[in-house]
Amino acid sequence: LTYFGEGCASEGDVPSALNIAAVHGCRTIFFCRNNGYAISTKVTDQYVSDGVAPRGLAFGMPVIRVDGNDILAVYAATKQARKLVMAEGRPAFVEAMTYRIGAHSTSDDDSKYRTQQSPEAGWTSERAYWEARSPIIRFGRYLQAKGWYSVRKEEELRKAARREAIDVLNTAERVGKPDFEELFTDVWDELPWTLQSQREALRQHLDRHKEHYAPFLKQRR
């Protein structure tokens, strides 16, 4: 099961992966989260087809499109896709239609490319329209309808989670900065020569300009 967004589907890696999986009969579920926006790019600037799902059909694999804001529907679609790939010995494609509420990253100003108009009348913006259809809100209402959840319980959980988050943040702030060596030791057991070279270059840089890095180097744990 591999996840990617519709923006990633615009890269050459995705059609190559779809073709390889189809030709070799790989039991792979390609799960595309189509949230309407890649970084700095809305879908109308990415394709004119009916979403990304037709690409799965083009490579000869079964396709399921699902409401990506419906948690139970996504579960059912994924479960069905797994049945298909296991029974038929070939890949399947799932496209979950959803919406990206926030910016792509903290450095991304989505106001420059996000559509402002609501898809339906009665909403102040596209974002407001989709926020009302949040999968969290929808699933919460489902749980409440079943009697498994309540507003009171949610308030208690939110308060407890906030307290826990603040405690963890305060604890983390008291811990010293990590050593710069950890940039190179958190993945590889034995460093390849490329990273060894980069580590040595960084050491030399810090040594040459130690007056500029003194505050940082003092705070290392």
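Author: Two residues are in contact here when heavy atoms of theirs lie within 4.5 Å of each other, and this is the sense in which packing is meant below. The model is a predicted one, and the part to begin with is helix α1, made up of residues 13-24.

The inward side of α1 is made by V14, L18 and A21, which are its buried residues. Around the helix axis these residues cover an arc of only 70 degrees, so they fall on the same side of α1. What does this buried side of α1 pack against? The partners are the strands β1 (2-5), β2 (29-34) and β6, together with helix α2 (53-58). The face of α1 that is turned away from the buried side carries D13, V23 and H24, and these residues are exposed. After the helix comes G25, whose phi is positive, near 65 degrees.

A positive phi also turns up at S40, where the value is again near 65 degrees although the residue is not glycine. Most residues other than glycine have a negative phi. S40 belongs to the loop between β3 and β4 (41-42), and with a relative accessibility of 47% it is partly exposed.

Strand β6, one of the partners of α1, spans residues 92-97, and the loop that runs from β6 to α4 (126-131) holds Y99. Across the whole structure, a search finds nine aromatic pairs. In one of them, the ring centres of Y37 and Y99 are 6.1 Å apart and the planes stand at 80 degrees, so the pair is edge-to-face. Because Y37 sits in strand β3 (residues 37-38) while Y99 sits in the loop between β6 and α4, this pair ties together parts that are 62 residues apart in sequence. Both Y37 and Y99 are buried, and for Y99 the relative accessible area is 11%.

Y99 takes part in a second pair, with W130: here the centres are 5.5 Å apart and the planes are at 10 degrees, so these rings are stacked. As W130 lies in helix α4 and Y99 in the loop that leads there from β6, the pair joins parts 31 residues apart in sequence. W130 is partly exposed, its relative accessible area being 24%. Ring pairs go on to link Y37, Y99, Y113, W123, Y129 and W130 into a cluster. Arginines sit over two of these rings: R114 lies over the face of Y37, at 4.9 Å from the ring centre, and the charged end of R133 is placed over the ring of Y129, 3.7 Å from its centre.

Setting aside its neighbours within four places in sequence, P135 is in contact with N69 and I71, and its C-alpha atom is 9.8 Å from that of D67, a residue 68 places away along the chain.

L195, R199 and L206 are buried in α8, and because they cover an arc of only 40 degrees around the axis, they lie on the same side of the helix. W193, D207 and R208 are exposed on the other side of α8.

The cysteines remain. The count of disulfides is zero: C8 is in none, and the cysteine sulfur nearest to its own, that of C32, is 8.3 Å away. A bond would require the two sulfur atoms to be within 2.5 Å, so the 8.3 Å between C32 and C8 is too far. C8 is partly exposed, with a relative accessible area of 37%, whereas C32, at 0% relative accessibility, is buried.

Conventions:
Residues are numbered from 1 along each chain as its sequence is written. This is a predicted model: local features need pLDDT of at least 70, side-chain atom pairs count only at pLDDT 80 or more; totals for chains, interfaces and linings use all residues. Side-chain values use heavy atoms; hydrogens and water are left out. Buried means under 20% relative accessible area, exposed over 50%, partly exposed in between (1.4 Å probe, protein chains only). Rings of Phe, Tyr and Trp (its six-membered ring) pair if their centres lie within 6.5 Å; planes under 30 degrees apart count as stacked, over 60 as edge-to-face and the rest as tilted. Helices (H or I, at least four residues) and strands (E, at least two) are DSSP runs, numbered from the N terminus. A charge sits over a ring if NZ of Lys or CZ of Arg is within 6 Å of the ring centre and within 35 degrees of the ring normal. The expected span of a helix is 1.5 Å times one less than its number of residues. The arc is that of the directions from the helix axis to the C-beta atoms.
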